[in-house]
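Q: Could you take me through this structure, one feature at a time, and show me how each feature is read?

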Amino acid sequence: MGLEESFPRRLSEPERALLLWVLPEDRPGYAQYRRLVSQWMVVGKGRREEGNYILGSHGLTPDVESPLPQIFAFGTVKLGKEDVTISVRERL
């Protein structure tokens, strides 16, 4: 049984690094999202599997009822024996 998470919380350094990796600095279309990643916090869990989080400004109440926005960026990283998938959805 896992530990209960509390929100809001800051992104961990590995989480931040993975998000910035999937939003390359040399792609101008990702610049706004890169800035937001540096400002936003994890404000709650998403509706997908474990490790799915919603980012936003402090005080935001996550919307888990509306249809999911389109995927804006996507990548997969091999960490040891495990594949980690990173997807960034458009802002809602």
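**Reading the aromatic pairs and the fold**

A: We begin with the aromatic rings of this predicted model: a search of the whole structure finds 3 aromatic pairs.

Q: How is a pair of aromatic rings described, and what is the arrangement of phenylalanine 7 and tyrosine 53?

A: In general, a pair of aromatic rings is described by the distance of the centres and the angle of the planes. For phenylalanine 7 and tyrosine 53, the ring centres lie 6.2 Å apart and the planes meet at 55°, so this pair is tilted. The pair links distant parts of the chain, since phenylalanine 7 belongs to the segment before helix 1 (13-22) and tyrosine 53 to strand 2 (residues 53-56), 46 residues apart.

Q: Are phenylalanine 7 and tyrosine 53 buried, partly exposed or exposed?

A: Here a cut-off is needed: buried means under 20% relative accessible area, exposed means over 50%, and partly exposed lies in between. Phenylalanine 7, at 29% relative accessibility, therefore counts as partly exposed, and tyrosine 53 is also partly exposed, with a relative accessible area of 24%.

Q: What kind of pair do tyrosine 30 and phenylalanine 72 form?

A: Tyrosine 30 and phenylalanine 72 form an edge-to-face pair, with 5.3 Å from centre to centre and 75° between the planes. Tyrosine 30 lies in the loop between helix 1 and helix 2 (31-39), while phenylalanine 72 lies in strand 3 (residues 71-79), so the pair ties together parts that are 42 residues apart in sequence. Tyrosine 30 is buried, with a relative accessible area of 19%, whereas phenylalanine 72 is partly exposed, with a relative accessible area of 26%.

Q: Which residues form one aromatic cluster?

A: The cluster is made up of Tyr30, Tyr33 and Phe72.

Q: Which peptide bond is cis, with omega near 0°?

A: As background, most peptide bonds are trans. In this model, the bond from phenylalanine 7 to proline 8 is cis, with omega near 0°, and proline 8 is found in the segment before helix 1.

Q: How many helices and strands does the chain have, and in what order do the elements run?

A: There are 2 helices and 4 strands in the chain, and from the N terminus on the elements follow the order α-α-β-β-β-β. The radius of gyration of the chain is 13 Å, close to the 12 Å that the globule rule gives for 92 residues, so the chain is as compact as a globular protein of that length. Along its principal axes, the C-alpha trace spans about 35 × 35 × 25 Å.

Q: What share of the residues is buried, and what share of the contacts with a separation of 6 or more comes from residues 24 or more positions apart?

A: Buried residues make up 24% of the 92 residues in the chain. Of the contacts with a separation of 6 or more, 40% are accounted for by residues 24 or more positions apart. As for the surface, the chain exposes about 6900 Å², and carbon and sulfur atoms supply 52% of that area.

Q: How many positive and negative side chains does the chain have?

A: The chain has 13 positive and 13 negative side chains, and the centres of the two sets lie 3 Å apart.

Q: Where are arginine 16 and arginine 47, and which residues are they in contact with, leaving aside neighbours within four places in sequence?

A: Arginine 16 is found in helix 1 and is buried, with a relative accessible area of 18%; leaving aside neighbours within four places in sequence, arginine 16 is in contact with Leu11, Val37 and Ser38. Arginine 47 lies in the loop between strand 1 (41-45) and strand 2 and is partly exposed, with a relative accessible area of 36%. With neighbours within four places again left aside, the contacts of arginine 47 include Asn52, Asp63 and Glu65. Arginine 47 and glutamate 65 are 18 residues apart in sequence, and their C-alpha atoms are 9.2 Å apart in space.

How values were computed
Residues are numbered from 1 along each chain as its sequence is written. This is a predicted model: local features need pLDDT of at least 70, side-chain atom pairs count only at pLDDT 80 or more; totals for chains, interfaces and linings use all residues. Side-chain values use heavy atoms; hydrogens and water are left out. The radius of gyration is taken over C-alpha atoms; the globule rule is 2.2 Å times the number of residues to the power 0.38. Buried means under 20% relative accessible area, exposed over 50%, partly exposed in between (1.4 Å probe, protein chains only). Contact means heavy atoms within 4.5 Å. Accessible areas come from the Shrake-Rupley method with a 1.4 Å probe; for residues, only the protein chains shown count as cover. Lys and Arg count as positive and Asp and Glu as negative; His and the chain ends are not counted. The place of a charge is taken as NZ of Lys, CZ of Arg, CG of Asp or CD of Glu. Rings of Phe, Tyr and Trp (its six-membered ring) pair if their centres lie within 6.5 Å; planes under 30 degrees apart count as stacked, over 60 as edge-to-face and the rest as tilted.
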